[in-house]
Amino acid sequence: MNRILLMSAFSTTLVFSAGNILAAPQTITPGELWPDNRGQHIQAHGGGVIKLGDAFYWFGEDRSRDNAPDKRYVSCYRSQNLAQWQFRNQALVLTNVENLQRGWALERPKVFYNTQTKKFVMYFHLDGALPGEKPGYNLARVGVATCDTVDGNYQYLKSFRPLGHESRDIGQFIDDDGAAYLIFEDRPFGFRIGKLSEDYLTVEKEVCLVPEHLEGGAIVHFEGLYYFVGSRLTGWNPNPNKYATAKSLAGPWSELKDIAPPETKTYGSQSTMLFKVTGTKTTTVIFMADIWKPRAQWDSRYLWMPLQIGDGKLWLPEPKPWTLDIITGEAITLPSTQK
Ligand code: GAL
């Protein structure tokens, strides 16, 4: 059964490529280099994707090798099929922020679009040491930058600790009703889900504190249940990512379960987002994760895979090349040799 499915996927792709040489098969290949329209490996690590009209925008840490060492960059890419990405801009370039010392960090940027103010609001993890402090992630704040256009030049606005709590890894969740939430890791307590204020410029209300130490937090709402995915706190090293479910964002959340065979350590990756694609035939939830290369960050890879999800269960299948039909929402996994 499986084999027939795989074979038919294989031949469909062949026919497609033969029929239209220019339109390369829109295959997503986890773990490989992922060239943008310029042929350069996409720099959007620890990132997030939002949908605007019929386009997707992917923001993430730009860790290009030739970046200025005193600056931090967030890149923005655009796509209409989630497979082929056009570089748009280094949407945020920051330097000399909050008096942070050498080695400071801007990580996990996420952009929200506020339909009332018509502003794009970027949140990110801002960290580092102040003068006289030992190097480290001491600041534990979020930074906020805004822009009038999705891929323009974002202007830094401020940094703060959401609801007064420490905040390191952040995640973004936009519910089906459009409500916007920030997920943040509060080291002494666990992970928190906070609702953004009406203008999105601050975190207004605590929705939930789950007393579990998880980062790379991501949430999806699927068939009436919320699914939370996060990693354990092992820095750049992969670990077995976990999930929990709840009927309401406020909980109660179920016990944590593995999302993949624990010995694979999430196939060497760390969660950053769960992204739902609702098509005419079906809904696919994509697990988006980073395969970090701490000593060659510019070469860090991405692991995007359609999840097996439903009835309170979530499972990350073994990574293989796959294609997504953005209209129908169908994902087809290809034999690993087929790229
Ligand atoms: C990870 C975190 C990354 C980065 C890294 C630094 O746990 O998810 O975003 O902060 O630690 O060691």
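**Cavities, pockets and the ligand site**

The lining of the largest cavity divides into 3 nonpolar, 8 polar and 2 charged residues. The model is a predicted one. The volume of this largest cavity is about 60 Å³. Its lining comprises 13 residues, and those closest to the centre are Trp 236, Asn 237, Pro 238, Gln 270 and Trp 292.

The second largest cavity holds about 50 Å³ of space. It too is lined by 13 residues, with Ala 44, Gly 47, Trp 58, Thr 272 and Trp 304 closest to its centre. This lining has 7 nonpolar, 5 polar and 1 charged residues. At least two residues come from each of strand 2, strand 18, strand 19 (283-291) and strand 20 (301-306). Strand 2 gives the most, with 5 residues. In total, 2 cavities reach 30 Å³ or more.

Trp 236 and Gln 270 also belong to the shell around the ligand. By class, the shell has 2 nonpolar, 2 polar and 4 charged residues. An N or O atom in the side chain of Asp 169 lies 2.5 Å from a ligand oxygen. For the side chain of Glu 107, the corresponding distance is 2.6 Å. The backbone contributes through Gly 235, where a polar atom is 3.3 Å from an oxygen atom of the ligand. The ligand alone exposes 310 Å², of which the protein buries 88%.

The largest pocket has a volume of about 940 Å³. It is lined by 37 residues, and Lys 51, Ile 174, Asp 175, Asp 176 and Gly 178 are the closest to its centre. The lining consists of 20 nonpolar, 9 polar and 8 charged residues. Six strands are named as suppliers of at least two residues each: strand 2 (45-52), strand 6 (105-114), strand 10 (170-174), strand 12 (190-196), strand 14 (215-222) and strand 18 (270-278). Strand 18 provides the largest share, 6 residues.

Of its 31 lining residues, Arg 63, Pro 69, Lys 71, Arg 72 and Trp 104 are the closest to the centre. Two or more lining residues come from each of strand 3 (55-62), strand 4 (71-79) and strand 6. By class, the lining of this pocket has 13 nonpolar, 8 polar and 10 charged residues.

Terms used
Residues are numbered from 1 along each chain as its sequence is written. This is a predicted model: local features need pLDDT of at least 70, side-chain atom pairs count only at pLDDT 80 or more; totals for chains, interfaces and linings use all residues. Side-chain values use heavy atoms; hydrogens and water are left out. On a 1 Å grid over the protein atoms alone, a cavity is a set of points where a 1.4 Å probe fits but cannot get out, and a pocket is an open set with protein on both sides within 12 Å along at least five of seven lines; lining residues have an atom within 4 Å of a point. Grid points are joined across faces, edges and corners, and a volume is the space filled by probe spheres set on the points. Helices (H or I, at least four residues) and strands (E, at least two) are DSSP runs, numbered from the N terminus. Ala, Val, Leu, Ile, Met, Phe, Trp, Tyr, Cys and Pro count as nonpolar, Asp, Glu, Lys and Arg as charged, and the others, Gly among them, as polar. A residue is near a molecule or strand if one of its heavy atoms lies within 4 Å of it. A polar contact is a pair of N or O atoms within 3.5 Å; within protein, one must be able to donate a hydrogen and the other to accept it, and residues adjacent in sequence count only if both atoms are side-chain atoms. Accessible areas come from the Shrake-Rupley method with a 1.4 Å probe; for residues, only the protein chains shown count as cover.
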